[in-house]
Amino acid sequence: MKIEPFASFTGTPVLDNVPSADLAIEARGLVKRFDGFTAVDGVDISVPRGAIYGILGPNGAGKTTTLRMLLGIIDPDSGYRCVLGHERPTEVARRIGYLPEERGLYPAMKAVEAIAFLAALRGVPLKEGRRRGRELLEQHGLGYAADRQIRQLSKGMAQQVQLLGTLVHEPDLVVFDEPFSGLDALNQGKLERMIRSLAERGTTVIFSTHVIAHAERLCDQIAIIAGGKVPFAGPVDAARDRLRPQVRLETRAQEGPWRAAIPADARHEGRFWFFTLPESGVEPLLRALIEGDAGILSLSIERPGLHDAFVSIAGEAAARALEESAQEEAEKAIQKKGRR
Amino acid sequence: MLRSHFAAAWVIMRRDFCAVIFSKTFIFFLIGPLFPVFIGAMAAAVGSQVSRDIDNPVIGIAMPAHQGDSLVAARGSLAPKMSGFVPEYTVLARLEPGETFDARTVLASKGVKGAPQLAAVITGTLEKPVLTGSSERVDQWRGQVALIAAEAGAPGPRSYPEVKEDKIATTAAKQHVDLAVTAQAGQVLLFLLTMLLAGMVLSNLVEEKANKIIEVLAASIPMDALFLGKLFAMLAVSLVGIAVWGSVYGMLMLAGMKSIPLLATPAVGWPMFCVLGFLYFAMAYLLLGSLFLSIGGMATTVREVQTLSMPVTMMQLMVFFFASYALARPGTWIETASLVFPVSSPFAMLAQAAQSPVLWPHLVALVWQAVWVGVIIRVGAQLFRRTVMKSGPARGRRGWFRRAAAAPAR
């Protein structure tokens with residue numbers, strides 16, 4: 001018999017208990033309307049300093065608009081935002097790195113100049129920006145391309161140059177909008193490692209994605225967004241813990257007093273029983289099974305994945321839209337590969 | 001805060017300036033002004049040739065015996081003494097007594113190929129000449145014909161008194177006209193220089209939008225700084241252009257090219273006029289440029305920019321015409337309006353510099369214009385954020401209401 005560990009069921013979805021000083025981003029009730037359409041409808045987000053934070057939602061859910069409001073590119077119609085302790089994000093623009101979904105650089109610029117330019121925009125002197133640019137390009141195996149024009153680089157290389165330009169000024173907060181979009185598996189892995197190393201150095205990373213796997217692998221905390229609303233924001237574990245664990249029980253006996261210990265709606269397949277763990281917890285269940293002569297052959301308790309949590313929190317329709325977004329992305333990648 | 005604004009503007013300016021200066025298109029920008037000059041010279045040459053060919057009027061003469069020849073001789077001796085244009089005279093017929101001549105028929109016929117086209121015909125006698133021609137021609141030449149006929153009919157050579165010359169440098173009226181010409185020349189030059197830049201400024205933000213770098217810029221620096229940087233980059237580019245053109249002109253002068261006709265010395269003197277001309281060029285460019293940058297910012301493609309360029313050019317022309325019109329109406333409300341209206345102010349003030357030696361109004365005007373540059377950049381950047389970046393409050397809501405709504409909901 002094996003019993004798998006599981007987390008506490010009492011997660012706190014919104015970090016109300018975290019002091020504001022420990023938050024890199026705090027947003028309350030952000031609303032943004034475009035020509036009568038409400039793109040973002042009362043979003044609350046609290047991003048602790050040094051965390052990897054994911055905004056998870058399908059295309060058109062309001063992820064980019066939320067990020068743009070947090071960056072000060074656009075102003076909310078109503079609501080409150082505080083980024084790195086400032087209510088006007090543009091005042092701390094030099095401490096922020098931003099990689100937009102639609103990436104782009106000046107095609108005639110050399111790679112090293114492009115990085116130096118992005119650094120200069122964030123207040124780094126041009127000479128220092130060039131030095132750091134060369135260093136970063138060397139570190140990431142692109143040193144040979146430092147003096148090539150952006151138009152002479154492949155799209156993937158140009159994206160890497162822009163990514164390095166986003167980080168060249170050593171920001172305290174890095175905002176990525178769909179950073180994995182358009183990257184092949186190899187570069188996705190590289191980016192994941194880079195995000196982890198940023199967080200290890202104390203940099204706060206916030207990114208939007210419609211791929212659950214990225215959020216699940218990387219994030220300490222997430223905000224689930226659908227239809228412009230955030231039904232959940234908090235630790236990934238807390239999202240999963242919204243669903244009760246699933247029990248897979250294998251018994252020798254088919255009938256007996258132990259049957260009273262498992263829910264009436266338990267699914268039965270051969271010697272296996274599948275059901276949601278009762279609220280009383282695993283110990284009373286185990287005791288009842290043993291005392292009821294179930295003849296336990298195996299018992300496993302499976303923690304729900306983030307996908308199940310997303311379905312439960314955002315609903316079936318949002319989950320379908322999320323899958324469609326991911327599929328669109330995959331199709332685009334295949335088309336791109338085909339064109340090459 | 002202000003320092004970081006200017007630092008950001010400097011980053012944008014440096015990037016844009018280098019991008020333009022080190023691009024192949026800059027060569028076209030430099031040689032661009034030669035095209036209108038070249039085409040203008042060609043058009044003038046062709047036009048003058050056509051004018052010479054078409055509008056070289058000849059008056060035909062059909063008079064008894066040698067009266068026609070006397071008339072031609074009299075025209076030859078009087079023409080140099082008369083101001084204004086005196087048409088050529090040619091004898092068509094020496095009429096016998098009793099012979100008649102149908103001038104109307106001759107004028108109506110197309111004539112012989114290669115022979116001069118007649119504009120009018122003189123018939124009758126020297127004592128009673130008859131001038132046949134179109135109404136305008138008859139009115140124009142009636143007096144001349146009478147004078148020449150009288151000269152031809154006079155017995156013996158007539159002597160004319162010698163006029164003793166007493167020339168003065170200028171008169172008040174001439175000085176006024178000369179200064180007005182200098183003022184107008186300054187305005188024309190200012191207009192040409194600013195017009196060259198309009199198209200470039202108009203398409204200035206298209207590159208950022210096409211390359212999708214605009215979002216990074218918007219997240220990194222204030223939009224005002226972006227506008228300011230772009231505007232000053234183009235100003236710097238134009239100054240490089242002016243320096244190159246000026247150097248080329250200077251070298252041609254040294255190489256022996258004839259200088260352009262000299263203008264009257266402006267009221268503030270040439271050095272100050274040049275300084276003010278430079279400052280007003282900068283202001284005119286910044287005012288119109290900020291306006292065009294704001295308008296061009298709304299365009300997302302080169303095609304849209306091309307569509308916008310025509311009304312923008314018309315707008316520039318209107319500003320220029322307004323300032324020129326005001327120049328001819330000193331002391332009227334039109335002149336005051338042209339001095340105060342921000343975009344026409346640099347043109348009108350440059351004209352003032354040519355006509356009036358008082359300097360303090362220029363200081364006031366430059367400050368006034370600089371304030372408007374700031375206002376237009378600010379409004380343009382806000383408009384850009386609101387319309388292109390889709391920022392700002394929802395329609396119909398005032399800023400202060402928005403601020404109240406956005407207050408911390410703690």
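This is a predicted model: local features need pLDDT of at least 70, side-chain atom pairs count only at pLDDT 80 or more; totals for chains, interfaces and linings use all residues.
Colleague: How is the packing of two helices described?

Modeller: In general, one gives the angle between the two axes together with the distance between them. In chain A, helix H2 (residues 111-121) and helix H4 (residues 155-167) have axes that come within 8 Å and cross at roughly 30 degrees. The crossing of H2(A) and H4(A) is right-handed.

Colleague: Which residues make the contact of H2(A) with H4(A)?

Modeller: H2(A) contributes Ala111(A), Ala114(A), Ile115(A) and Leu118(A), while H4(A) contributes Val161(A), Leu164(A), Gly165(A) and Thr166(A).

Colleague: Why is helix H1 of chain A described as largely enclosed by the rest of the structure?

Modeller: A residue is taken as buried if 20 or more other C-beta atoms lie within 10 Å of its own. For H1(A) (residues 63-71), 9 of the 9 residues are buried, so the helix is largely enclosed by the rest of the structure. The buried residues include Lys63(A) and Arg68(A), as well as Leu67(A), Met69(A), Leu70(A) and Leu71(A). Just after H1(A) comes Gly72(A), with a positive phi of about 85 degrees.

Colleague: What does the UniProt record place at residues 25-252 of chain A?

Modeller: The UniProt record, an unreviewed entry, places the feature "domain: ABC transporter" there. In the model, this span is 33% helix and 29% strand, and its end C-alpha atoms lie 54 Å apart.

Colleague: How many helices and strands does chain B have, and which domains are assigned to chain B?

Modeller: Chain B has 16 helices and 4 strands. Of its 410 residues, 32% count as buried. The assignment gives domain 1 (56-153) and domain 2 (173-392), and the C-alpha centres of these two domains of chain B lie 55 Å apart. Among contacts in chain B with a separation of 6 or more, 76% join residues 24 or more positions apart.

Colleague: How many residues of chain B are in contact with chain A, and which helix of chain B gives the most to that side?

Modeller: On the side of chain B, 27 residues are in contact with 30 residues of chain A. Helix H1 (2-21), helix H9 (214-220) and helix H16 (399-405) of chain B each supply at least two residues of that side. H9(B) gives the most, with 6 residues. The residues of chain B that touch chain A divide into 18 nonpolar, 4 polar and 5 charged.

Methods
Residues are numbered from 1 along each chain as its sequence is written. Chains are lettered from A and ligands numbered from 1 in the order in which they are written. Axes are lines fitted to C-alpha atoms, for helices over the stretch in contact, and angles run from 0 to 180 degrees between N-to-C directions. A crossing is left-handed if the near helix is turned anticlockwise from the far one by less than a right angle, and right-handed if clockwise. Two residues are in contact if their C-beta atoms, placed from the backbone, lie within 7 Å. Domain bounds come from an automatic or database domain assignment. A residue is buried if 20 or more other C-beta atoms lie within 10 Å of its own, exposed if 12 or fewer, and partly exposed in between; C-beta atoms are placed from the backbone. UniProt positions are given in the numbering used here, feature names are shortened, and annotations may be inferred rather than shown by experiment. Ala, Val, Leu, Ile, Met, Phe, Trp, Tyr, Cys and Pro count as nonpolar, Asp, Glu, Lys and Arg as charged, and the others, Gly among them, as polar.
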